[in-house]
Amino acid sequence: MHLAFIDIARDYTADRPDKNEPLGGTNSAVCFLARELVKTGISCTLFNKIVEPAEAYGIESLPLEALMEYRANPKYSAFIFCGRWVEWLVKLVREATHRPVLAWMHESALDTPMTPALAAFDGIVFVSEWQSKINQSFVHADWHQTVIRNAMNPQFAALFEKEEQTLSAKTKPPILLYAGATPRGAFHLPPLLNVLRQLRKDFSMEIYCDCAPSSDPMANASYIDLLRSLPNISHVGMVGQSELAQKMRRASLFVSPNPWPETSCIALIEAMAAGLSVITTNRAALPETASGFAQHIAIDDPDNATRFDQAIPYGEFAETISQTMDNLSNKADEFEHKLRQQINYFNAHYQWSQRSQLWIDYIRSFG
């Protein structure tokens, strides 16, 4: 079996998650899945925006233009469009091969300009039950569909020894941490922390995000200056996965006032594995991903797949953060037990090595 993964958005090789550079969740998912598949004897090729051919972990990365040459090559068992796609490219591949042409859906809404619901596809892979359910009206009757969840960077699975006390690694006073893309909650942090400061001041907030509200560099720089002028806030910016894992290990709370229609949220998965107490919204697939271990603040329209402007109840968020900080001190033994259960659960259920066989079985189901 030889799988072709097609990503029209970014340029990378399979070792990109190892570098001290930020990488999006979809792109890292492609890298980690391909690496696990290769371990089982499955060959993989990445077609993306890379300029020159390159190789890492035995996985070749080729420019998208190379698809013109390879789309009819019978060595490929399936062509998998990752995250986003365009109709003309999907059709070019479809016209040249009898192999399955598949969509690996990461966006919330199917049948948009970024993710058209094309008859040229043979099947679709969703990353959560929520995402699958919300998009069923756009699924073609002859598509073979399945749900295969995302997983974590393996570095986050090795942050704590089996018998290590989780809370002993946490800095005091507690560090609140946010990681993720700007629209997924960063805009709501300044007003939320303004409310929290009225309740207490014994905390710091670290933001691992570019915090770029626009395409104007000057406006973005001005916004970051504003963030850094606020008390209790440390805007670090985007960092590599190795550094982020260590920062999460010593933080206490993952605070994500997220209005985005999340389909999975790898940052949430990794925060759970890093032993953070998570406080987020009940938006979209976040409750499914958190598997009962997070505290979810309700918002008005949690299942809407296309709204990105939901109001966040800052008062309830701030009260929950404050109470959780108190419980970290007053109920330390209870918290330690819960965090250990959480870490064990995510290590047991969110490994890329567990996803590779699901993908193999899915590809083989096409005959």
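**Loops, core and sheet of a predicted model**

Reader: Where is the place of Pro173?

Author: Pro173 sits in the loop that runs between strand E8 (144-147) and strand E9, where helices (H or I, at least four residues) and strands (E, at least two) are DSSP runs numbered from the N terminus. Please keep in mind that this is a predicted model, in which local features need pLDDT of at least 70 and side-chain atom pairs count only at pLDDT 80 or more, while totals for chains, interfaces and linings use all residues. Residues are numbered from 1 along each chain as its sequence is written, and side-chain values use heavy atoms, with hydrogens and water left out.

Reader: OK, and what kind of peptide bond joins Lys172 and Pro173?

Author: The bond between Lys172 and Pro173 is a cis peptide bond, and its omega is about -5 degrees.

Reader: Switching to backbone angles, what is phi of Asn232?

Author: For Asn232 phi is near 75 degrees, which is a positive value in a residue other than glycine, and you will find Asn232 in the loop between helix H6 (217-229) and strand E11 (233-235). Ser291 also has a positive phi, of about 55 degrees, although Ser291 is not a glycine.

Reader: And where is the place of Ser291?

Author: Ser291 belongs to the loop between helix H9 and strand E14 (295-297). Ser291 has 28% relative accessibility and therefore counts as partly exposed, given that buried means under 20% relative accessible area, exposed over 50%, and partly exposed in between (1.4 Å probe, protein chains only).

Reader: What about Gly275, is that buried or exposed?

Author: Gly275 has a relative accessible area of 0%, so it is buried, and its position is in the loop between helix H8 and strand E13 (277-281).

Reader: Which residues does Gly275 touch, then?

Author: Not counting residues up to four places away in sequence, Gly275 touches Phe160, Thr166, Lys170, Leu339, Gln342 and Ile343, a contact being heavy atoms within 4.5 Å. By contrast, the C-alpha atoms of Gly275 and Ala311 are separated by 28 Å, with the two residues 36 residues apart along the chain.

Reader: Which residues touch the most other members in the largest nonpolar core?

Author: That core has 32 residues, and Phe156, Leu177, Met248, Phe254, Met272 and Phe346 touch the most other members; a nonpolar core is a set of buried Ala, Val, Leu, Ile, Met, Phe, Trp, Tyr and Cys residues joined through side-chain atoms within 4.5 Å.

Reader: Which elements supply at least two residues each?

Author: They are strand E9 (175-179) and the helices H7 (241-250), H8 (266-273), H9 (286-290) and H11 (332-349), and H8 gives the largest share, six residues. As for Leu177, its contacts beyond four places in sequence include Met205, Tyr208, Met248, Phe254 and Leu276.

Reader: New topic: how many strands form the open sheet?

Author: Eight strands form the open sheet, in the order E3-E4-E2-E1-E5-E6-E7-E8, and the pairing is mixed, where two strands pair if DSSP finds at least two bridges between them.

Reader: Which strands stand at the edges?

Author: Strand E3 (54-56) and E8 stand at the edges with a single partner strand each, so one side of each is left without a neighbour in the sheet.

Reader: And in what sense do E1 and E5 pair?

Author: Strand E1 (residues 2-6) and strand E5 (residues 78-83) pair in the parallel sense over four bridges, and Phe5 has Ile80 as its bridge partner in E5.
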